[in-house]
Amino acid sequence: MATSLLRVPPPQGLLQPLAVPERLLLGPGPSNVPPRILAAGSRQLLGHMHPEVLQVMDEIKAGIQYAFQTQNRLTLAISGTGHCAMEAALLNLLEHGDTALVAVNGIWGQRATDIARRLGANVHELLKPPGEYFALWDIEEGLARHKPSVLFITHGESSTGVLQPLEGLGDLCHRHGCLLLVDAVASLGGAPIFMDQQEIDILYSGSQKVLNAPPGSAPISFSERAREKMLRRKTKPPSFYLDMGWLANYWGCDGEPRRYHHTAPINSFFSLREGLAMLAELGLESSWERHRANCTQLCQGLCNLGLELFVKEEKARLPTITTVRVPEGYDWKEITAFLMDNHGIEIAGGLGPSVGKVLRIGLMGCNSTSGNVDRVLHALRDALGCCRRSRL
C-alpha cells in the first residue's frame, strides 16, 4: 500500500559505486590529503561529549596554539570552513553601529566587507590594486581617519598571491584603540606568523590548505583584548551556532564544566588533529623553509617558461599560492582544462578581482615538494605549446 504512494524513484546515480578520480591538487585549495590523515578521518565515530573526543579537542587546541604561536586560552576550531571562521570572528566582535576598517586587495577583503555590512557595522574600506599589499602608513591613515574598533586584513590573499607584512601592525592598531583581525587561511604553516609577538587579536585559518586535512574545520584564536570586547557586548551575537561564549565552553576555554552546544564533526576533528600533529612533527620553521624554497623554484621555472609573475616584489609573494599573468593570446580556461585532462593536475584561474587575469598554482603542506614543482612546470610547458598550436 505504502509503495503505491511513491512518485520519485531511487536515483540511478546512487545505485552505482562511488567513483572519485585521482588528481594532483595544485590549485589554491583544497590540497591532497595524505594517507595518515585519511586514516584518521576514517576512524569509527565516538560521541561528541565522550572523554576521548574531548581529549582530541584539547590536543587540537594545543596544536593551534603552536601553529599560531599563541598562549591565548580562547583557542579552538570552528565546525565549518575558513569562511565560517571569518563570519564567526566578525559577528562575535561587531555589533550594530560599530565601525570596522577592512583592507581590501582581493576577494577576502571584499567578503569581510560584505559580512560586516550585513551585521549593521559602519564599514570603511582601504583599497589596493590586486597584487599589492598595505604599508603601515596606509593603515595608520585609515585608523586615524575612521577610528574603527576592528581592522580586518588578509595575511595570505589567495585570490592574488600576496603575502601581507604584519610587523608593527598590531602595535599600531592598539595605539589607535583598534583590534587586529587577520585571515591566515592560505598562509598558516606556509609563512611565518606570530600571533602573540605580532599582537594579533583574532587569527583564523582553515584545515584544507597547508594542514592537508579535508575542509570543514577552522582554527581560530582570540586575544584577551578581543575576549573582553566580546564580554562587553550589549546584544547577543546574531548566530547561536557561532556564539563564541557557547563555543568557548564546549572547547573547555572558560574553566566551566563543558556543556552540549552542537554535534561536532568528530571525524573532521580527527583529521585536523593529525594535520596539526604532522605540522608539529615537521616543525614550523622547517615548514616555512620548505614552502619558501619550493615557491622560489616554481617562480624561477615559470619565468623560464616566459610567464610573468603577478606579484612583482619577491617578499610580497605568498609561498603557498603563486600567481602568474595569463599570457597574451591564451584562454586561462583552456590551460587549466588541458592540465586537468592530460596531466591530472588542478591549477586555477583567478578569483574575484583577479578573474581572467591570472593562473594560480598552489603548493601547500605535503603537496609542497620539488617533484611537484617539476611536474606542474612540465605540464604547463606542454599546455602552452598545445594551446598555442590550437590557435594557429
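## Surroundings of D183

D183 touches M86, W108, F152, I153, T154, H155, G156 and Y204, leaving aside residues up to four places away in sequence; contact here means heavy atoms within 4.5 Å. The model is a predicted one, in which local features need pLDDT of at least 70 and side-chain atom pairs count only at pLDDT 80 or more, while totals for chains, interfaces and linings use all residues. Residues are numbered from 1 along each chain as its sequence is written, and side-chain values use heavy atoms, with hydrogens and water left out.

D183 belongs to strand β8, residues 179-183. Strands (E, at least two residues) and helices (H or I, at least four) are DSSP runs numbered from the N terminus.

D183 is buried but has no salt bridge. Buried stands for under 20% relative accessible area, exposed for over 50%, and partly exposed for values in between (1.4 Å probe, protein chains only). A salt bridge requires a side-chain nitrogen of Lys or Arg within 4 Å of a carboxyl oxygen of Asp or Glu. The nearest side chain of opposite charge, K209, is 8.4 Å from D183; Lys and Arg count as positive, Asp and Glu as negative, and His and the chain ends are not counted.

The side chain of D183 does reach the backbone nitrogen of V185, at 3.0 Å.

## Salt bridges elsewhere

By the 4 Å rule, the count comes to 17 salt bridges. One of them pairs the side chains of R36 and E274, at 2.8 Å from N to O. This pair links distant parts of the chain, with R36 in helix α1 (residues 35-41) and E274 in helix α9 (residues 266-282), 238 residues apart. R36 is partly exposed at 33% relative accessibility, whereas E274 is buried at 13%.

E125 and R117 also meet through their side chains in a salt bridge, at 3.8 Å from N to O. E125 is partly exposed, with a relative accessible area of 35%, and R117 is partly exposed at 45%.

R145 forms a salt bridge with E141, and their closest N and O atoms are 2.8 Å apart. Both residues lie in helix α5 (residues 136-146), and because they are 4 residues apart, about one helical turn separates them. R145 is exposed, at 57% relative accessible area, while E141 counts as partly exposed at 48%. Salt bridges with shared partners join R36, E59, R273, E274 and E281 into one network.

Key: Polar contact = N/O pair within 3.5 Å; in protein donor to acceptor, adjacent residues only side chain to side chain.
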